Amino acid sequence: MTVIIASASKMGCVVSSDGLVSFGSKRMEKNKTVRLYNGKIIVAFAGMMSFGTNSALGFKETEDWIKMIEEEINPKTLKGFAHYLSKRLNDIVSQLNSGEWAIANRNLVVFVAGAKKLQKRDYMIYEVNIHPDPGKTYVMPTITPHGPDKTIMLKLVNSGDGAVQNAALFHLETFKNQPSLSRFRMFKEHKIALQKGIDAGIKSNPNPLNVSCGGNLYFRYK
C-alpha cells in the first residue's frame, strides 16, 4: 500500500507521499515526489518504484525515468507535459516482459501538478495511470484532469481494500471543504490533513503484518 495525495486551489498546489517502499520483506525510506522545471511542475508517483530491465534505455528508478523525460521536452502547458509523460512512460513500459508486470495489481500512477500555462496561477492536477493489459504486448495509459473544484485527490496503490481509502478520505474532507486559505495556511493545513489521512490509511490496513505504507511524509509545493 502506497499513499500519494495532491491538491490544487487558487492559492497553489501541493503533492505529497508517504515515505516507505516495500520490496518483498525489505522495507526502506523513499521520497515519491519530484520537482521539475525549477518548480514549475511538481509530481508524486506510486506503484512501480523502478522498471526497465528489458528496455533499450536500461533499468532505472521511476524518479530517474521522470527526470529523463523532463530533459526531452520544454512544455508550454501542464497538459502538454502530462500527455508527453504518459506517452513516453507507455513507450518504455510497453517494452517490458510479463515478469515485470507479474505482481498482482502492479501499475504506475503519477500526479502532475502546476499552473495550466506554467507561469500563471490557474493551478490543476493531471492524473496519469498506466496499467498492464494481460495477454497483450502494450499498455494503455489514461489521463484524468482535476481542477480546483476537486481540491483533494487520494491514491492508494496496491492496497486492494476500499476501507483503507475511505478512512484516509474521511480525514481529508475537512480540509477539502474549508474556504480559500492564505498560501501559508494552505501548506500548514494541507500537511496536517495529509498526515491524518496517511495515518488513518495505515491503521486501516487489512493486513497489519504486511505494512508497506508509512515512514516520513514528503511534500512538494508550488
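These are my notes on a predicted model of one protein chain.

**Entry 1: the chain overall**

I began with the secondary structure and found five helices and 13 strands in the protein chain. Next I looked up burial: of the 222 residues, 49% are buried. I then took the contacts between residues at least 6 apart in sequence; 64% of them join residues at least 24 apart. The accessible surface comes to about 10800 Å². Carbon and sulfur atoms account for 51% of that surface.

**Entry 2: strand β2**

I turned to β2, residues 12-17, and asked how many of its residues are buried. The count is six of six, which leaves the strand mostly covered. In a regular strand, side chains alternate between the two faces of the sheet.

I then checked the pairing partners of β2. Strand β1 (residues 2-9) runs antiparallel to β2 and is joined to it by six bridges. Serine 9 stands opposite glycine 12 of β2. With two residues between them, β1 and β2 form a hairpin. Strand β13 (residues 218-221) also pairs with β2, again antiparallel, over four bridges. There I noted arginine 220 of β13 as the bridge partner of valine 15.

**Entry 3: aromatic pairs**

How many aromatic pairs does the model hold? I count two. Tyrosine 37 and phenylalanine 81 form an edge-to-face pair, with 5.7 Å centre to centre and 85° between the planes. Tyrosine 37 lies in the loop between β5 (33-36) and β6 (41-47), and phenylalanine 81 lies in helix α2 (residues 78-93), so this pair ties together parts that are 44 residues apart in sequence. I checked burial for each ring. Tyrosine 37 has 15% relative accessibility and counts as buried because the cut-off is under 20%. Phenylalanine 81, at 0%, is buried too.

Phenylalanine 51 and tryptophan 65 form a stacked pair, 5.5 Å centre to centre with 20° between the planes. Phenylalanine 51 belongs to strand β7 (residues 50-51) and tryptophan 65 to helix α1 (residues 62-70), so I record a link between parts 14 residues apart. Both phenylalanine 51 and tryptophan 65 are buried.

**Entry 4: a charge over a ring**

Last, I looked for what sits over the ring of tryptophan 65. I found the charged end of lysine 60 there, 5.6 Å from the ring centre.

Methods. Residues numbered from 1 in each chain as written. Predicted model: local features only at pLDDT ≥ 70, side-chain atom pairs only at ≥ 80, totals over all residues. Heavy atoms only, no water. Buried < 20%, exposed > 50% of the residue type's maximum accessible area, 1.4 Å probe, protein only. Contact = heavy atoms within 4.5 Å. Areas by Shrake-Rupley, 256 points an atom, 1.4 Å probe, with all protein chains shown as cover. Pairing = 2+ DSSP bridges. Phe/Tyr/Trp six-rings, centres within 6.5 Å; stacked < 30°, edge-to-face > 60°. Lys NZ or Arg CZ within 6 Å of the ring centre and 35° of its normal.
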